[in-house]
Amino acid sequence: MSKIMKIKSVSDYSRYLGHTAQHPLVSVIEYAEVSPIRHSLNNYSVYGIFFHDKADIDLAYGCGKYDYKSGTVICVAPGQIGGKEDNGEQVMLTGWALLFHPDLLHGTPLDKKIKHYSFFDYRVNEALHMTDEEHDIFVSLMQQIRNELQNKHDEFQNAIIVGYIELVLNFCQRFYNRQFATRTLENSDILMKFDNLLSDYYEEKIQLTRGLPTVQYCADKLCMSANYFGDLIKKATGDTASNYIHQYIIQRVKSVLAAGASITQAADELGFEYPQHLSRMFKKRVGITPSEFCESIRKK
(Lines give C-alpha, C1' and ligand atoms only; values in the text may rest on other atoms or scores of the structure.)
Protein backbone atom coordinates (compact mmCIF):
# COMPACT_ATOMS: atom_id res chain seq x y z
CA MET A 1 0.00 0.00 0.00
CA SER A 2 1.27 3.46 -0.86
CA LYS A 3 2.37 5.69 2.00
CA ILE A 4 0.29 8.84 1.79
CA MET A 5 1.06 12.03 3.69
CA LYS A 6 -1.98 13.98 4.87
CA ILE A 7 -1.69 17.68 4.14
CA LYS A 8 -4.29 19.01 6.57
CA SER A 9 -2.72 22.47 6.76
CA VAL A 10 -0.28 24.51 4.71
CA SER A 11 2.27 24.01 7.50
CA ASP A 12 2.21 20.22 7.00
CA TYR A 13 3.66 20.53 3.50
CA SER A 14 6.01 23.37 4.46
CA ARG A 15 7.48 21.43 7.38
CA TYR A 16 8.08 18.38 5.17
CA LEU A 17 10.19 20.56 2.85
CA GLY A 18 11.98 22.34 5.69
CA HIS A 19 10.18 25.59 4.97
CA THR A 20 8.59 27.81 7.60
CA ALA A 21 5.08 28.97 6.73
CA GLN A 22 4.59 32.62 7.69
CA HIS A 23 0.81 32.44 7.81
CA PRO A 24 -1.40 29.69 9.27
CA LEU A 25 -3.65 29.55 6.17
CA VAL A 26 -1.37 30.31 3.21
CA SER A 27 2.15 29.39 2.21
CA VAL A 28 4.37 30.32 -0.73
CA ILE A 29 7.38 28.08 -1.31
CA GLU A 30 10.23 28.66 -3.73
CA TYR A 31 11.62 25.21 -4.40
CA ALA A 32 15.16 26.45 -5.08
CA GLU A 33 15.34 27.48 -1.41
CA VAL A 34 14.42 24.04 -0.05
CA SER A 35 15.96 21.67 -2.62
CA PRO A 36 16.99 18.93 -2.70
CA ILE A 37 13.67 17.47 -1.54
CA ARG A 38 12.25 13.99 -1.09
CA HIS A 39 9.14 12.93 -2.92
CA SER A 40 5.78 12.68 -1.15
CA LEU A 41 2.39 11.29 -2.13
CA ASN A 42 -0.09 13.71 -0.60
CA ASN A 43 -3.74 13.69 0.41
CA TYR A 44 -4.70 17.37 0.31
CA SER A 45 -7.11 19.19 2.60
CA VAL A 46 -5.90 22.48 1.11
CA TYR A 47 -5.77 24.08 -2.32
CA GLY A 48 -2.44 23.95 -4.11
CA ILE A 49 -0.92 25.42 -7.27
CA PHE A 50 2.45 23.93 -8.26
CA PHE A 51 4.85 24.69 -11.08
CA HIS A 52 8.49 23.84 -11.68
CA ASP A 53 11.04 25.55 -13.90
CA LYS A 54 13.13 22.43 -14.37
CA ALA A 55 11.73 19.02 -13.59
CA ASP A 56 11.45 15.56 -15.04
CA ILE A 57 9.30 13.67 -12.55
CA ASP A 58 6.88 10.80 -12.94
CA LEU A 59 4.02 11.93 -10.72
CA ALA A 60 0.79 10.17 -9.80
CA TYR A 61 -2.42 12.16 -9.62
CA GLY A 62 -5.74 10.45 -8.94
CA CYS A 63 -5.66 7.21 -10.93
CA GLY A 64 -3.22 8.46 -13.56
CA LYS A 65 0.45 9.14 -14.12
CA TYR A 66 1.97 12.33 -15.41
CA ASP A 67 5.43 13.05 -16.73
CA TYR A 68 5.91 16.43 -15.07
CA LYS A 69 8.10 18.58 -17.31
CA SER A 70 9.20 22.17 -16.94
CA GLY A 71 6.67 24.92 -17.48
CA THR A 72 3.68 22.88 -16.32
CA VAL A 73 1.10 24.01 -13.75
CA ILE A 74 -0.85 21.51 -11.66
CA CYS A 75 -3.77 22.64 -9.47
CA VAL A 76 -5.18 20.51 -6.65
CA ALA A 77 -8.20 20.97 -4.40
CA PRO A 78 -9.17 19.52 -1.01
CA GLY A 79 -9.90 15.80 -1.23
CA GLN A 80 -7.45 15.10 -4.04
CA ILE A 81 -4.35 12.91 -3.91
CA GLY A 82 -1.20 13.69 -5.85
CA GLY A 83 2.57 13.55 -5.96
CA LYS A 84 4.99 10.65 -5.83
CA GLU A 85 5.57 8.24 -2.96
CA ASP A 86 8.78 8.79 -1.02
CA ASN A 87 11.35 6.28 -2.29
CA GLY A 88 14.34 7.85 -0.58
CA GLU A 89 15.37 9.74 -3.70
CA GLN A 90 16.25 13.42 -3.43
CA VAL A 91 15.62 15.73 -6.37
CA MET A 92 16.67 19.27 -7.18
CA LEU A 93 13.72 21.45 -8.09
CA THR A 94 13.18 25.05 -9.03
CA GLY A 95 9.77 26.68 -9.25
CA TRP A 96 7.02 27.56 -6.82
CA ALA A 97 4.14 26.21 -4.77
CA LEU A 98 1.18 28.19 -3.47
CA LEU A 99 -0.96 26.47 -0.85
CA PHE A 100 -3.98 27.97 0.90
CA HIS A 101 -6.57 26.58 3.28
CA PRO A 102 -10.30 26.88 2.50
CA ASP A 103 -10.75 28.72 5.80
CA LEU A 104 -8.83 31.67 4.32
CA LEU A 105 -11.71 32.23 1.90
CA HIS A 106 -14.58 32.17 4.40
CA GLY A 107 -16.70 35.30 4.18
CA THR A 108 -15.11 36.41 0.90
CA PRO A 109 -16.65 36.37 -2.60
CA LEU A 110 -13.93 33.90 -3.65
CA ASP A 111 -15.35 31.32 -1.20
CA LYS A 112 -18.26 30.68 -3.60
CA LYS A 113 -16.49 31.65 -6.81
CA ILE A 114 -13.66 29.14 -6.41
CA LYS A 115 -16.07 26.30 -7.17
CA HIS A 116 -16.38 27.69 -10.70
CA TYR A 117 -12.66 27.37 -11.50
CA SER A 118 -13.13 24.05 -13.25
CA PHE A 119 -9.40 23.41 -13.73
CA PHE A 120 -9.17 22.21 -10.11
CA ASP A 121 -11.03 19.10 -11.32
CA TYR A 122 -9.01 18.53 -14.48
CA ARG A 123 -7.04 15.36 -14.74
CA VAL A 124 -3.29 15.66 -14.51
CA ASN A 125 -2.78 14.96 -18.22
CA GLU A 126 -4.86 18.09 -18.80
CA ALA A 127 -2.36 20.31 -16.96
CA LEU A 128 -1.60 23.84 -18.09
CA HIS A 129 1.56 24.24 -20.18
CA MET A 130 2.85 27.78 -19.73
CA THR A 131 4.51 30.01 -22.27
CA ASP A 132 7.60 31.88 -21.07
CA GLU A 133 5.54 35.04 -20.64
CA GLU A 134 2.90 33.22 -18.60
CA HIS A 135 5.62 31.68 -16.47
CA ASP A 136 7.03 35.12 -15.68
CA ILE A 137 3.59 36.37 -14.65
CA PHE A 138 3.16 33.46 -12.24
CA VAL A 139 6.61 34.02 -10.74
CA SER A 140 5.85 37.73 -10.25
CA LEU A 141 2.58 36.90 -8.47
CA MET A 142 4.27 34.34 -6.22
CA GLN A 143 6.88 36.93 -5.26
CA GLN A 144 4.21 39.53 -4.49
CA ILE A 145 2.27 37.13 -2.27
CA ARG A 146 5.46 36.12 -0.47
CA ASN A 147 6.38 39.77 0.07
CA GLU A 148 2.96 40.44 1.56
CA LEU A 149 3.34 37.45 3.89
CA GLN A 150 6.57 38.96 5.18
CA ASN A 151 4.77 42.13 6.23
CA LYS A 152 3.40 42.49 9.74
CA HIS A 153 -0.11 41.09 9.91
CA ASP A 154 -2.87 43.68 10.01
CA GLU A 155 -6.60 43.86 9.33
CA PHE A 156 -6.05 44.20 5.57
CA GLN A 157 -3.54 41.41 4.98
CA ASN A 158 -5.94 38.49 4.47
CA ALA A 159 -8.06 40.50 2.04
CA ILE A 160 -4.95 41.47 0.07
CA ILE A 161 -3.71 37.87 -0.03
CA VAL A 162 -7.13 36.56 -1.14
CA GLY A 163 -7.10 39.22 -3.85
CA TYR A 164 -3.73 37.97 -5.08
CA ILE A 165 -4.96 34.35 -5.03
CA GLU A 166 -8.00 35.30 -7.09
CA LEU A 167 -5.68 37.05 -9.53
CA VAL A 168 -3.59 33.87 -9.84
CA LEU A 169 -6.73 31.82 -10.50
CA ASN A 170 -7.98 34.28 -13.11
CA PHE A 171 -4.63 34.12 -14.88
CA CYS A 172 -4.85 30.30 -14.78
CA GLN A 173 -8.25 30.56 -16.45
CA ARG A 174 -6.92 32.96 -19.09
CA PHE A 175 -3.92 30.76 -19.82
CA TYR A 176 -6.11 27.66 -20.11
CA ASN A 177 -8.31 29.52 -22.60
CA ARG A 178 -5.17 30.36 -24.56
CA GLN A 179 -4.18 26.70 -24.48
CA PHE A 180 -7.60 25.64 -25.78
CA ALA A 181 -7.43 28.24 -28.56
CA THR A 182 -3.89 27.39 -29.68
CA ARG A 183 -4.59 23.67 -29.88
CA THR A 184 -7.01 24.04 -32.78
CA LEU A 185 -5.97 20.82 -34.53
CA GLU A 186 -6.33 18.87 -31.32
CA ASN A 187 -9.73 20.46 -30.67
CA SER A 188 -11.03 19.61 -34.15
CA ASP A 189 -9.81 16.05 -33.66
CA ILE A 190 -11.72 15.87 -30.37
CA LEU A 191 -14.89 17.12 -32.08
CA MET A 192 -14.55 14.40 -34.71
CA LYS A 193 -14.06 11.79 -32.00
CA PHE A 194 -17.04 13.23 -30.11
CA ASP A 195 -19.28 12.88 -33.17
CA ASN A 196 -18.02 9.35 -33.83
CA LEU A 197 -18.58 8.42 -30.20
CA LEU A 198 -22.20 9.61 -30.30
CA SER A 199 -22.77 7.74 -33.56
CA ASP A 200 -21.25 4.54 -32.15
CA TYR A 201 -23.35 4.92 -29.00
CA TYR A 202 -26.51 4.47 -31.03
CA GLU A 203 -25.12 2.07 -33.62
CA GLU A 204 -24.11 -0.27 -30.80
CA LYS A 205 -27.51 0.15 -29.07
CA ILE A 206 -25.89 1.34 -25.83
CA GLN A 207 -28.89 3.63 -25.24
CA LEU A 208 -31.10 0.59 -24.63
CA THR A 209 -29.24 -0.17 -21.38
CA ARG A 210 -27.70 3.19 -20.39
CA GLY A 211 -30.30 5.65 -21.65
CA LEU A 212 -29.27 8.90 -23.28
CA PRO A 213 -25.53 9.60 -23.69
CA THR A 214 -24.11 11.91 -21.01
CA VAL A 215 -21.20 14.34 -20.85
CA GLN A 216 -19.53 12.16 -18.21
CA TYR A 217 -19.79 9.06 -20.42
CA CYS A 218 -18.29 10.86 -23.41
CA ALA A 219 -15.51 12.43 -21.34
CA ASP A 220 -14.60 9.04 -19.84
CA LYS A 221 -14.47 7.42 -23.28
CA LEU A 222 -12.22 10.23 -24.54
CA CYS A 223 -9.98 9.92 -21.44
CA MET A 224 -10.77 13.38 -20.08
CA SER A 225 -12.31 14.80 -16.97
CA ALA A 226 -15.86 16.02 -17.49
CA ASN A 227 -14.82 19.60 -16.64
CA TYR A 228 -11.92 19.73 -19.09
CA PHE A 229 -14.00 18.09 -21.82
CA GLY A 230 -16.84 20.52 -21.25
CA ASP A 231 -14.53 23.54 -21.31
CA LEU A 232 -12.81 22.30 -24.46
CA ILE A 233 -16.12 21.76 -26.30
CA LYS A 234 -17.38 25.18 -25.17
CA LYS A 235 -14.23 26.84 -26.49
CA ALA A 236 -14.34 24.93 -29.78
CA THR A 237 -18.07 25.28 -30.52
CA GLY A 238 -19.36 28.14 -28.40
CA ASP A 239 -21.90 25.74 -26.88
CA THR A 240 -21.91 23.34 -23.95
CA ALA A 241 -21.14 19.65 -24.36
CA SER A 242 -24.61 18.88 -22.98
CA ASN A 243 -26.30 21.03 -25.63
CA TYR A 244 -24.09 19.46 -28.32
CA ILE A 245 -25.29 16.00 -27.26
CA HIS A 246 -28.92 17.11 -27.17
CA GLN A 247 -28.70 18.63 -30.65
CA TYR A 248 -27.28 15.34 -31.93
CA ILE A 249 -30.12 13.40 -30.25
CA ILE A 250 -32.74 15.73 -31.75
CA GLN A 251 -31.39 15.07 -35.25
CA ARG A 252 -31.79 11.34 -34.64
CA VAL A 253 -35.30 11.91 -33.27
CA LYS A 254 -36.23 13.78 -36.46
CA SER A 255 -34.88 10.96 -38.61
CA VAL A 256 -36.78 8.29 -36.67
CA LEU A 257 -40.05 10.27 -36.71
CA ALA A 258 -39.65 11.06 -40.41
CA ALA A 259 -39.29 7.31 -41.06
CA GLY A 260 -42.76 6.76 -39.62
CA ALA A 261 -42.13 5.85 -35.97
CA SER A 262 -44.52 7.04 -33.27
CA ILE A 263 -43.32 9.31 -30.47
CA THR A 264 -43.38 6.37 -28.05
CA GLN A 265 -41.40 4.19 -30.47
CA ALA A 266 -38.85 6.98 -31.00
CA ALA A 267 -38.45 7.45 -27.26
CA ASP A 268 -37.86 3.73 -26.72
CA GLU A 269 -35.45 3.46 -29.63
CA LEU A 270 -33.32 6.46 -28.64
CA GLY A 271 -33.03 5.83 -24.91
CA PHE A 272 -35.53 8.25 -23.36
CA GLU A 273 -37.01 7.02 -20.10
CA TYR A 274 -40.47 8.34 -21.00
CA PRO A 275 -42.02 9.73 -24.21
CA GLN A 276 -42.78 12.97 -22.32
CA HIS A 277 -39.04 13.53 -21.88
CA LEU A 278 -38.56 13.31 -25.64
CA SER A 279 -41.43 15.74 -26.22
CA ARG A 280 -40.03 18.28 -23.75
CA MET A 281 -36.53 18.20 -25.23
CA PHE A 282 -37.89 18.38 -28.78
CA LYS A 283 -40.13 21.39 -28.05
CA LYS A 284 -37.28 23.17 -26.26
CA ARG A 285 -34.78 22.57 -29.07
CA VAL A 286 -36.97 22.78 -32.17
CA GLY A 287 -39.71 25.13 -31.04
CA ILE A 288 -42.56 22.81 -32.03
CA THR A 289 -43.86 19.53 -30.61
CA PRO A 290 -42.97 16.15 -32.14
CA SER A 291 -46.59 15.84 -33.25
CA GLU A 292 -46.40 19.17 -35.05
CA PHE A 293 -43.13 18.06 -36.67
CA CYS A 294 -44.74 14.81 -37.87
CA GLU A 295 -47.69 16.78 -39.24
CA SER A 296 -45.35 19.05 -41.20
CA ILE A 297 -43.63 15.97 -42.65
CA ARG A 298 -46.96 14.52 -43.78
CA LYS A 299 -47.96 17.79 -45.45
CA LYS A 300 -44.74 17.78 -47.43
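## Salt bridges, burial and confidence

Trainee: Let's start with E30. How does E30 count, at 21% relative accessibility?

Mentor: Keep in mind that we're looking at a predicted model. Buried means under 20% and exposed means over 50%. E30 has 21% relative accessibility, so E30 counts as partly exposed.

Trainee: Which residue forms a salt bridge with E30, and which parts does the pair tie together?

Mentor: Look for the closest N and O atoms, which are 3.0 Å apart in the salt bridge of E30 with R146. E30 lies in strand β2 and R146 in helix α3, so the pair ties together parts that are 116 residues apart in sequence. R146 counts as buried, at 18% relative accessibility. So the partner is R146, and the parts are β2 and α3.

Trainee: Which residues are joined into one network with E30?

Mentor: Here you follow salt bridges that share partners. The network that holds E30 also takes in E33 and R146.

Trainee: How far apart along helix α1 are D12 and R15?

Mentor: Their side chains meet in a salt bridge, at 2.7 Å from N to O. D12 is buried, with a relative accessible area of 18%, while R15 counts as exposed at 58%. Being three residues apart in α1, D12 and R15 are separated by about one helical turn.

Trainee: And R252 with E203: how many residues apart is that pair?

Mentor: Those two side chains meet in a salt bridge at 3.6 Å, N to O. R252 sits in helix α9 and E203 in helix α5, so to speak in distant parts of the chain. R252 counts as partly exposed at 23%, and E203 is exposed at 53%. The separation is 49 residues.

Trainee: How many salt bridges does the count come to?

Mentor: You go by the rule that a Lys or Arg side-chain nitrogen lies within 4 Å of a carboxyl oxygen of Asp or Glu. By that rule the count comes to six.

Trainee: On to the strands: why is β11 described as largely enclosed?

Mentor: Check its residues, 94-100, for burial. β11 is largely enclosed by the rest of the structure because the buried ones number six of the seven.

Trainee: In which sense do β2 and β11 pair, and which residue of β11 is the bridge partner of V26?

Mentor: β2 and β11 pair over five bridges, in the antiparallel sense. Follow V26 across to β11 and you land on F100.

Trainee: How many disulfides does the structure hold?

Mentor: The cut-off is two cysteine sulfur atoms within 2.5 Å. C75 is in no disulfide, as the nearest cysteine sulfur, that of C172, is 4.4 Å away. C75 is also buried, with a relative accessible area of 9%. The number of disulfides is zero.

Trainee: Which residues of helix α10 are buried, and on what side of α10 are they?

Mentor: α10 covers residues 263-270, and its buried ones are A266, A267 and L270. They cover an arc of only 100 degrees around the axis, which puts them on the same side of α10.

Trainee: Last one: which element has the lowest mean pLDDT?

Mentor: The chain averages a pLDDT of 87, and 90% of the residues score at least 70. Over residues 59-69, though, pLDDT stays under 50. Strand β2 has the highest mean among the elements, 96, and the lowest, 43, belongs to strand β7.

Methods:
Residues numbered from 1 in each chain as written. Predicted model: local features only at pLDDT ≥ 70, side-chain atom pairs only at ≥ 80, totals over all residues. Heavy atoms only, no water. Buried < 20%, exposed > 50% of the residue type's maximum accessible area, 1.4 Å probe, protein only. Helix = DSSP H or I, 4+ residues; strand = E, 2+ residues; numbered from the N terminus. Arc of directions from axis to C-beta. pLDDT = per-residue confidence, 0-100. Contact = heavy atoms within 4.5 Å. Pairing = 2+ DSSP bridges.
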